[in-house]
Amino acid sequence: MTVRDTPWPQGTPCWVDVTVPDPRMAMDFYGALLSWDFTDTGDEAGNYLMCSVGGKLVAGIGSTQPGMESMPAAWTTYLATGDVDKTAAAIGAEGGQLLVEPMDVESAGRLAVAADPTGAVFAVWQAGETLGVELVDTPSALIWNECMTRDFAAAKDFYGKVFGYGFDDMSGDGFTYATLTVGGQTVGGLGQLPEDTPAEVPAHWMAYFGVTDTDAAVARVGELGGSVLRPPQDSPYGRMSAVTDNQGAAFSLISVTSSD
């Protein structure tokens with residue numbers, strides 16, 4: 001378990017939120033699956049929901065904006081920056097595309113949304129009053145974030161130049177993968193999508209949330225109206241599964257041991 005009360009270092013995945021047509025359905029799903037509590041930030045903030053565990057922020061839930069109804073429900077990973085405008089300029093200079101120009105989110109912070117040159121969508125966050133997630137590496141909280149792409153070399157070049165990542169290669173037979181490091185600390189991953197990945201699956205950032213029992217959690221996903229994308233399987237880091245919520249937003253679950 002890690003509790004955070006200072007801004008996350010540059011390039012560290014620092015926040016995740018899901019955008020859905022019906023936030024109430026999302027509350028029912030994630031409240032039951034991950035025991036989250038919810039706080040409505042009010043009409044002026046679009047009734048964005050802050051999700052917490054034990055009073056510590058773990059994620060957000062936002063509603064699909066008018067005119068964007070055709071966009072699928074999706075989780076977004078936010079990467080920390082000390083200067084959103086500078087990072088946005090670097091994104092454009094290195095072949096990325098800004099989808100939402102830098103903007104203030106009241107006093108909470110400043111954000112931008114972008115796609116990397118391979119098509120994976122992510123956001124950047126400059127902390128104000130909201131630092132980002134305050135609790136990680138424990139059940140019901142964020143455990144891991146990774147970018148999966150069809151052009152590993154292009155993505156590696158882009159993220160290395162924009163965020164200054166180091167890379168520790170973990171590739172082996174049949175897979176290409178590297179961890180992202182910031183100041184010598186591992187903060188996330190970058191991988192090549194397998195060749196048999198369906199064509200309709202885009203390059204994407206994936207968020208992993210901790211559970212104490214992956215198989216039980218996946219069964220609960222089905223009971224709550226979600227679906228299974230990849231059945232539970234063992235890994236050196238914990239038993240994991242990729243699923244969708246009851247509105248189609250994809251995320252992953254991974255078993256972790258509860259710690260105080």
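Ser-35 sits in the loop between α1 (23–34) and β3, so let's start there in this predicted model. At 53% relative accessibility, Ser-35 counts as exposed, because the cut-off for that label is over 50%. Its backbone is worth a look too: Ser-35 has a positive phi of about 60° although it is not a glycine. Why point that out? Most residues other than glycine have a negative phi.

You'll find Asp-137 in the loop between β10 (135–136) and β11 (142–149). With 35% relative accessibility, Asp-137 is partly exposed.

Strand β3 covers residues 37–40, and it pairs with β4 in the antiparallel sense over four bridges. If you want to spot one place where they face each other, look at Asp-40, which stands opposite Leu-49 in β4.

Strand β4 has another neighbour as well. Five bridges join β4 to strand β5 (residues 56–63), and these two run antiparallel. Here you can pick out Ser-52, whose bridge partner in β5 is Leu-57. How many residues lie between β4 and β5 in their hairpin? There are two, and Gly-54 in the turn has a positive phi of about 60°.

So is β4 buried or exposed? Four of the five residues of β4 (residues 49–53) are buried, so the strand is largely enclosed by the rest of the structure.

Phe-175 lies in the loop between β12 (166–169) and β13 (177–182), and it is partly exposed, with a relative accessible area of 43%. Together with Met-170 and Tyr-237, Phe-175 makes a nonpolar surface patch of about 320 Å².

Time to zoom out. The UniProt annotation "domain: VOC", from an unreviewed entry, covers residues 12–127 and 141–256. Over residues 141–256, the chain is 19% helix and 45% strand, and the end C-alpha atoms are 10 Å apart.

Along the principal axes, its C-alpha atoms fill a box of roughly 50 × 45 × 40 Å. Of the 260 residues, 48% are buried.

Methods
Residues numbered from 1 in each chain as written. Predicted model: local features only at pLDDT ≥ 70, side-chain atom pairs only at ≥ 80, totals over all residues. Heavy atoms only, no water. UniProt positions renumbered as here; feature names shortened; annotations may be inferred. Patch = residues over 30% accessible without salt bridge, like charges linked within 9 Å, V, L, I, M, F, W, Y side chains within 5 Å. Areas by Shrake-Rupley, 256 points an atom, 1.4 Å probe, with all protein chains shown as cover. Salt bridge = Lys/Arg side-chain N within 4 Å of Asp/Glu carboxyl O. Buried < 20%, exposed > 50% of the residue type's maximum accessible area, 1.4 Å probe, protein only. Pairing = 2+ DSSP bridges.
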